[in-house]
Amino acid sequence: MKKDIQTILSANTVSEVWEPLLAYLQQIGFHHVLYGFTRFHTPNGFGDDKDHLFLTNFDQDYMKGYFLEGRYRHAPMIRWSIDNVGACSWGWITENMESFTKQERDVVAFNKKMGVTCGYTIAFPHALKRAKAAIGLSLEPHKSTQEEADEIWAQHGEELEIICSVAHLKLVSLPLPKRMLTKRQREVLEWIGDGKTVADTAQILGLNKATVEKHLRLAREALGVETTAQAVLKASMHNQIFTF
């Protein structure tokens, strides 16, 4: 595990974190993994899917039903991870089924149909109020029992929490792949974030004001915001500016 952690800590891209993490988890026995992170959770929901980081090796059929069709928003283990920190056996679902809403029961039924019923969820602590992150670890669909998952956790749970937590902390320090800005968009946002005016930024970069305004507009569109101040904030939260 030490070697894998060193590899993760030295990573410069999301894939360089994800690949060794996934290989390690599969070696332990969790064949399918789903990681999710957002900085934009509110009591009203998760917001724009483009502002989330989702990583998984589940197949397209499962992700179409779970993610693209929005079932993840009502998944019981997602609700648990919003309200809790630490690890939870998926046996919690069976124990609490009677308290679930109809939408949550529909998600449980979908997972049962797809064979995704045996595993663990780890919810990560975060200092930011609106940030939420969790990782789901699943045994092979249709071929496993929750007892098998519990046995794996009893033997390897501590090290699994450690490596998943290290990977999470590394991932949140990297640029979000879905909201990538161009080099010039990053430059103009950095200078505006430094307190420079459009005219100042144009002079510093050797551009005219209209070109700077164009790059700011394109940056706002790429980030899905209305104002330049919002663009600077969101780009910073997505680790898109003031990075190497």
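How much accessible surface does the chain have, and what share of it belongs to carbon and sulfur atoms? The accessible surface comes to about 13,100 Å², and 52% of that belongs to carbon and sulfur atoms (areas come from the Shrake-Rupley method with a 1.4 Å probe). Please keep in mind that this is a predicted model, in which local features need pLDDT of at least 70, side-chain atom pairs count only at pLDDT 80 or more, and totals for chains, interfaces and linings use all residues. Residues are numbered from 1 along each chain as its sequence is written, and side-chain values use heavy atoms, with hydrogens and water left out.

**The chain overall**

- The chain has 11 helices and 5 strands (DSSP runs of H or I with at least four residues, and of E with at least two, numbered from the N terminus).
- Its C-alpha trace spans about 65 × 45 × 30 Å along the principal axes.
- Of the 244 residues, 48% are buried (under 20% relative accessible area, 1.4 Å probe, protein chains only).

**Helices H8 and H9**

- The axes of H8 (residues 183-193) and H9 (residues 198-205) come within 9 Å and cross at roughly 130° (lines fitted to C-alpha atoms over the stretch in contact, with angles from 0 to 180 degrees between N-to-C directions).
- On the H8 side, Arg-184, Glu-187, Val-188, Trp-191 and Ile-192 meet Val-198, Thr-201, Ile-204 and Leu-205 of H9 (contact means heavy atoms within 4.5 Å).

Terms used. Buried means under 20% relative accessible area, exposed over 50%, partly exposed in between (1.4 Å probe, protein chains only).
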